[in-house]
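Here is a short briefing to read alongside the structure. Take a look at the chains first, then walk through the points below.

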Amino acid sequence: MKRFKSMMIGALTAVLAVTAVGCSSSSEPEQQVLNIYSWADNFDLDVIKDFEQKYNVKVNYDVYGSNEEMLAKIQAGASGYDLIQPSDYMVATMIQLGLLEELNKENIPNMKNIVSTFKTPPFDKENKYSLVYTWGITGIAYNKKYVKETPTSWNDLWNEAYKGRVIMLNDPREVMGMALIKNGFSNSTTNKDELAKSFADLKKVLPSVMAFDTDNIKQKMIAEEAWIGTVWSGDAAIINGQNPDVEYVIPKEGATIWADTLAIPKGAKHKDLAEKFINYLMEPEVSVKNYESIGYSNPNEQAYPLHSEEYRANKMIFLDKADIARAEWLVDVGDTLQEYDRYWTEMKSGR
Amino acid sequence: MLNKKPVKLLAAPALLWMGVLFVLPMLMIALMSFLKRGTYGQVVYEFTLNNYVRIWDPLYGQIFADTLVVAILTTVLSIVCGYPLAYYISRLEKSSQQIWLLLVMIPFWINFLVRSYAWVIILRSQGVVNTILQSLGIITEPLPLLYNSGSVLLGMVYTLLPFMVLPIYVSLEQMDRRKLEAAYDLGATPWRAFWHVTLPMTKTGVVTGSILVFVSSIGMFVVPDVMGGAKSALIGNVIQNQFLSARDWPFGSALSIVLMLLSMLLILLYFRAVKAGEAKEGAA
Amino acid sequence: MKTWRRHTLSGYSWLMLVFLYLPIAILVLYSFNDSRINATWNGFTWKWYVSLFDNRQVMQALMNSLSIGVISSVLATVLGTAASLAIKHYSLRWRNVVNGLIYLPIVIPEIMMGLALLVLFSQVHMELGKWTLIMAHVTFSMPYVMVIVSARLADMGKELEEAAQDLGATPWGTLRHVTLPLIMPGIVAGFLMSFTLSLDDFIISFFVAGPNSTTLPLYIYGLVKRGVSPEVNALSTLLIASTVLLVIIAELFRRKDSKNGQIHF
C-alpha cells in the first residue's frame, strides 16, 4: 500500500511539473492569437503553419463534431473563438439568431475567386456573413463487386437483394430529405402529408438497413461491410481512394447539396485577423495546397488550373455541372423540425 | 460520549461545491423543461406544460421500457462477469490486489470511442472472429455479430464492468474471514457458505455496483450508436437528439427530468426490496 | 476439490481479463497499420509513432487530459471522502436523504449537465478553459467517490474506532490513525474511478472547454468525422505500455524488498 501511495504521489508530481512547464511556454503575450473552431482535419496543418510564420501570429485550432454542438457553445457566449465553420442551414439559423458578424469585404479581396455558383447561396444570398469553404452532394456509393447493376435512382436502395447491407447517414434531415426527394417532394418540406407519405416509404427500407452511421460510414464501405448507401461526395472520394471497387453516383431524382462555410461569430476579439486568414486561404496557390491535402471540393475558380491532374480527374471532387443543377440545399424548417424528429424517433423505436 | 461536531463539518466543502455546481444547474434544467422552443431552436421564456404532455405519446413510453430492459440485463450480466473477478482479486495477496485492480482499470484509460471501434473490427462481417471461423471451416457465411441487441449488450457490459468490480472488491476486501471459517467448521458446503455468509456480507458492494451500472446504462447513447448501428434508439439517444438535431432544449430537459425521476424511483424500490430481503433473512 | 474450484475461479478471472484486453490488442495491432483511414489491414508501418511526436495538437491534448485528470480526481477524492466520513455521523434520516441524492448527478444525462454548466459558467462570465474543465470533472466524479467510500464505511464495524477513543484518542487522531487506514482500499478505488472517468469524459468536457484546452477525448471525437487517425491508436498503445511498464517495475521493486513474498501469478 505504501509503495502504491508513493507511486501515485510520484506520478502526480511528474504530471504537475509537466503541466507547469506546458503552461509557461504557451504564454507569449506579444503575438496576436487566432482561435479557430472547426471540423477536425478541415485544414492542411502546413497551411496554418505558413500563415503563422508569414504574419507572426499564433493559431489555436479546436474542433467540434456537429453544427448543433458548435451553436450551443457560441450561443452561450464567452466561447472566445474568432472563426467558425457552420454548414449551410446553420448559417441561416445563426443569422436569424444574430450570432454572426458581417464580413468586411475590403479585407477579403480574394473572395472574387469563388466560383459563381457559390457566390449567391440561398442561406446567405450576398455572402454578407459567410463564404463557402468546402461543399459536396449526398449521393449513392456502391460496391460494384456486390451491386452488379449501376444504381440510377434512390429506389435502388430499396432493392431486396441488398438486405442487411444498406447504410444510411445517421441524420434525420439527410435521411428524411432523401426519402422526400425520392417521392418527388422538396427535401425541406413543411407539408405534413408529404412527410407522412415519404416516411411510410422510408419504413419499407428499414429491414434492409445494416446501420445508420455518419462518422464511420467510410470504414464500413471500405471494409465491404456495407454494399450500398447514402454517402457525401467528398467521403466517396476518400473511400474510392482506399477501395477502388466503390463507385459513386448522383440519382436521377436529385440530391441534397451541402457546404461548410467560413464565418465570424458575434463579438469575436480578433475579427481582422480572422478576415486576413480567410483571405489567405483563398489565395489560389494556398488553396491548391490546402484542398489537395484535405481531399474535399474546392470552390476557388482561380485555383482550378493549378490543381494536379489526379485531383481534377476525380468525379467525386469535380462534380458534374448537371448534377449540381439538380441538387437542392437543406433549408431550416422551423417548427416542423419537431415532426421530423418524431418520425426519426419512431423509425428507431424498432416498431 | 464524544464531540462529533468537527467531523460532521467535513461535509461542508463537498456540499457547498455540489450546491453551486450541481444543484444550481439542476434547477435551471427543471425550469427549462417548462419553457417553449422558438422557431429557430432558441429557448423562449414562456411557461408551458406542453413538453410533459408530449412525453405521454406511447412512442416514448415504449422507448423508456426498452431502455429499462437493456439496463436490467446489463446489470445482471455485469454481476455475473464482475463478482467472480472481484472475488478472485480479493483473495490475492495485498500487493497483487493493487496490480490486478490497475490491470482491470487500465483499458478504461483508453478512449471509449477507440475501444468501441476496436470491437467493431473484431465483430464485423469481415472481422477477426468471422475470418477465423471461416478459415477453420466452421461457417461458410459470415455471422451477423454486430448491429443487433446482442452486440449492444456486449458493449454495455464491457463499458460498465469496472463500476461493478470496484465496489464489490471493496466490500469483499474487508469481509471478516473468520465467519466463513466458522461456517466451514460447522460443516457447510462451499456453495452454502458462499450463499449464506459471503454474499450477504458483501451485499453493500453488490447493491452499490448494481445501482452504478444500472444508472449509467439507462442514459447510455454511444454504445447503441456504435455497436447497434444506431438502429434502435434508447432514451439516451432520444435526449441527445433533442440537443443535437431537433434543437429542442425544453423537450430534452423534460425527458431528462422524467428519466431522473424514474431512476430515483427504481433505486428506491430496489433499496426497499433489499431491506425486505434482509428482514426475511433475519426472521428465518 | 478445493484446488479444482480455485482453478475454475482463476481461469474465469483470466478470461475476464482477456475480454477486457481483446479490443486493446486490436488497437495495438492497428497502430502499426499502413492506412490513414484504418478500415482494413494494409501492411506494417512505424510511421504513426513518428508522426505522433510531431503532432503538437495530440501532445497538447494528452498533457491537458493528464493534468486535468490528476487534479480533478485528487480534489474529488479528498472532498468526497471527507463528506462520506461526515455523513456517517448524521442521523439515519439525513443519511438516507444524502444517500439517495448522491445518485442524482450520476442519473442526470451528461449532455444536460454539460449544457447546464456551460450556461452557468457563461452567466458568471467565467472564461472557459482548464479551470472550468477541472470544476466540471470534480462535480461529476465526486458522487462516485462518495458512493464507494460510503459503502466501505457502512460495512466497517465500529469496534476499532470506539476502542481507539476509549484509549483516549482524539476524534482527529482516531480518524487519521484508525478510520482512514481502514477505508484506504475504498479511497484508492474511488480515486481510480474518478481518474478513469475524467480521462474518458467527452460530453461534459465538450461544453465547458474553451480555446486551447482541448482534452484527448475532445480531440479524438473531433477526428471521427474524417476517421480516427492511427496516431490515436499509437498514442493509446504508448499509454498502455507505459502504465503496464510502471506497474511491472513497481512490482519488481516490491519483490526485491520483501524476501518471503508469495508469488501469485
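In chain B, 68% of the contacts with a separation of 6 or more are between residues 24 or more positions apart. Please keep in mind that this is a predicted model. With that said, here is a tour by topic.

**Chain B overall**
- Chain B holds 14 helices and two strands.
- Its C-alpha trace spans about 75 × 75 × 35 Å along the principal axes.
- Of its 284 residues, 46% count as buried.

**The annotated binding site in chain A**
- An unreviewed UniProt entry lists A:Y89, A:D171, A:P172, A:R173 and A:E174 under "binding site".
- These residues are spread over 86 residues of sequence, yet they cluster in space, with a largest C-alpha distance of 13.8 Å.

**Two of the listed residues up close**
- A:Y89 sits in helix α4 (residues 88-96) of chain A, and it counts as buried because it has 20 C-beta neighbours inside 10 Å.
- Beyond four places in sequence, A:Y89 touches A:F123, A:L330, A:V331 and A:D332.
- A:P172 belongs to helix α5 (residues 172-182) of chain A, and its 21 C-beta neighbours inside 10 Å are why it counts as buried.
- Setting aside residues within four places in sequence, A:P172 is in contact with A:Y340, A:D341 and A:W344, and also with B:S245.

**A strand pair in chain A**
- Strand β4 (residues 130-143) of chain A pairs with β8(A) in the antiparallel sense, over four bridges.
- A:V246 in β8(A) is the bridge partner of A:N143.

Definitions and conventions: Residues are numbered from 1 along each chain as its sequence is written. Chains are lettered from A and ligands numbered from 1 in the order in which they are written. This is a predicted model: local features need pLDDT of at least 70, side-chain atom pairs count only at pLDDT 80 or more; totals for chains, interfaces and linings use all residues. Two strands pair if DSSP finds at least two bridges between them. A residue is buried if 20 or more other C-beta atoms lie within 10 Å of its own, exposed if 12 or fewer, and partly exposed in between; C-beta atoms are placed from the backbone. Two residues are in contact if their C-beta atoms, placed from the backbone, lie within 7 Å. UniProt positions are given in the numbering used here, feature names are shortened, and annotations may be inferred rather than shown by experiment.
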